[in-house]
Amino acid sequence: MSTIDPAGPSASRVASLWWWMLGGSVLLSALVFALLLVALFRRGVADRETPERKRVWIGWLGLGMPIAVLMVLLAFALWVGERNLPTGPAARTIDVRAYNYGWEFCDEDSRCSEGVLRIPAGQPVDLDITASDVIHSLWIPRLAGKMDAIPGQVNRLRIEASMPGTYQAVCAEYCGVGHANHSFVVEAYDTDESIAPGETAP
């Protein structure tokens, strides 16, 4: 269930963003604590600083550096978001319907299942997500970011599993008393094994 243990290209980009954000927060925190130490050990010195020195402390270190770090993170976040958009053809499209408190999946051949989403490993799959009652949120941490399931609206999320396996998924939006158990599993099967949807993977 860890976002920093990705098992697909979309999740890998999200994990990279997480590490960049961690690095940015460490850098800014280090700057804040360094300035705090300077203020503690140089009491009274600031009053004797020249205007040019004050501009360095306030302008460059107090404003310039945080803005620069945040702009880099923003640019990287926009790049990740654009790369994760469902552009180009996918291997298949699966209709996903969330309800209190379960998940229904129907493929292009109108074969449906509940609680288990089966996808081919190594191939992108588009999920067309909606809900039948309240707002839910589909989240498969190791495969992709979150996507809301909204009644009367279809949101598309592209997922891909790099290798066969079973991946846990949850509802990430509080939807009522059964929210804690509102989960499902994703089974990514090896396409070379020709496992039909609905069968059990070896």
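Predicted model: local features only at pLDDT ≥ 70, side-chain atom pairs only at ≥ 80, totals over all residues.
Among the contacts in the protein chain with a separation of 6 or more, 66% are accounted for by residues 24 or more positions apart.

One disulfide is counted in the model. The bond is formed by cysteine 106 and cysteine 112, whose sulfur atoms lie 2.0 Å apart, and the torsion about the S-S bond is about 110°, so the disulfide is right-handed. The two partners fall into separate classes of accessibility, since cysteine 106, with a relative accessible area of 15%, is buried, whereas cysteine 112, at 46%, counts as partly exposed. Cysteine 171 takes part in no disulfide, the nearest cysteine sulfur being that of cysteine 175 at 4.0 Å. With a relative accessible area of 5%, cysteine 171 is buried. Cysteine 175 is likewise in no disulfide, and the nearest cysteine sulfur to it is that of cysteine 171, 4.0 Å away; at 8% relative accessibility, cysteine 175 also counts as buried. Because a disulfide requires a pair of cysteine sulfur atoms within 2.5 Å, the separation of 4.0 Å leaves cysteine 171 without a disulfide to cysteine 175.

Five aromatic pairs are found in the structure. One of them joins tryptophan 18 and tryptophan 19 in an edge-to-face arrangement, with 4.8 Å from centre to centre and 90° between the planes. Both residues of this pair are partly exposed, tryptophan 18 at 37% relative accessibility and tryptophan 19 with a relative accessible area of 46%. Separately, Trp20, Phe76 and Trp79 form one aromatic cluster. A further ring, that of tryptophan 139, has lysine 146 over its face, at 4.6 Å from the ring centre.

Valine 14 and asparagine 84 link several parts of the chain through their contacts. Valine 14 is located in helix α1, which spans residues 9–41, and at 28% relative accessibility it counts as partly exposed. When residues up to four places away in sequence are left aside, valine 14 touches Val80, Asn84 and Gly145. The C-alpha atom of valine 14 is separated by 7.5 Å from that of alanine 144, although the two residues are 130 residues apart along the chain. Asparagine 84, for its part, is found in the loop between α2 (51–83) and β1 (92–99) and, at 18% relative accessibility, counts as buried. Under the exclusion of residues up to four places away in sequence, asparagine 84 touches Ser10, Arg13 and Val14.

Two residues in the strands complete the description. Arginine 118 is placed in strand β4, residues 116–120, and is buried, with a relative accessible area of 10%. Its side chain makes a polar contact of 2.7 Å with the side chain of glutamate 187. Methionine 147 lies in strand β7, residues 147–149, and is partly exposed, with a relative accessible area of 21%. Because buried means under 20% relative accessible area, methionine 147, at 21%, is classed as partly exposed. Not counting residues up to four places away in sequence, methionine 147 touches Ile129, Ser137, Leu138, Asn155, Arg156 and Leu157.

Terms used
Residues numbered from 1 in each chain as written. Heavy atoms only, no water. Phe/Tyr/Trp six-rings, centres within 6.5 Å; stacked < 30°, edge-to-face > 60°. Buried < 20%, exposed > 50% of the residue type's maximum accessible area, 1.4 Å probe, protein only. Lys NZ or Arg CZ within 6 Å of the ring centre and 35° of its normal. Helix = DSSP H or I, 4+ residues; strand = E, 2+ residues; numbered from the N terminus. Contact = heavy atoms within 4.5 Å. Polar contact = N/O pair within 3.5 Å; in protein donor to acceptor, adjacent residues only side chain to side chain.
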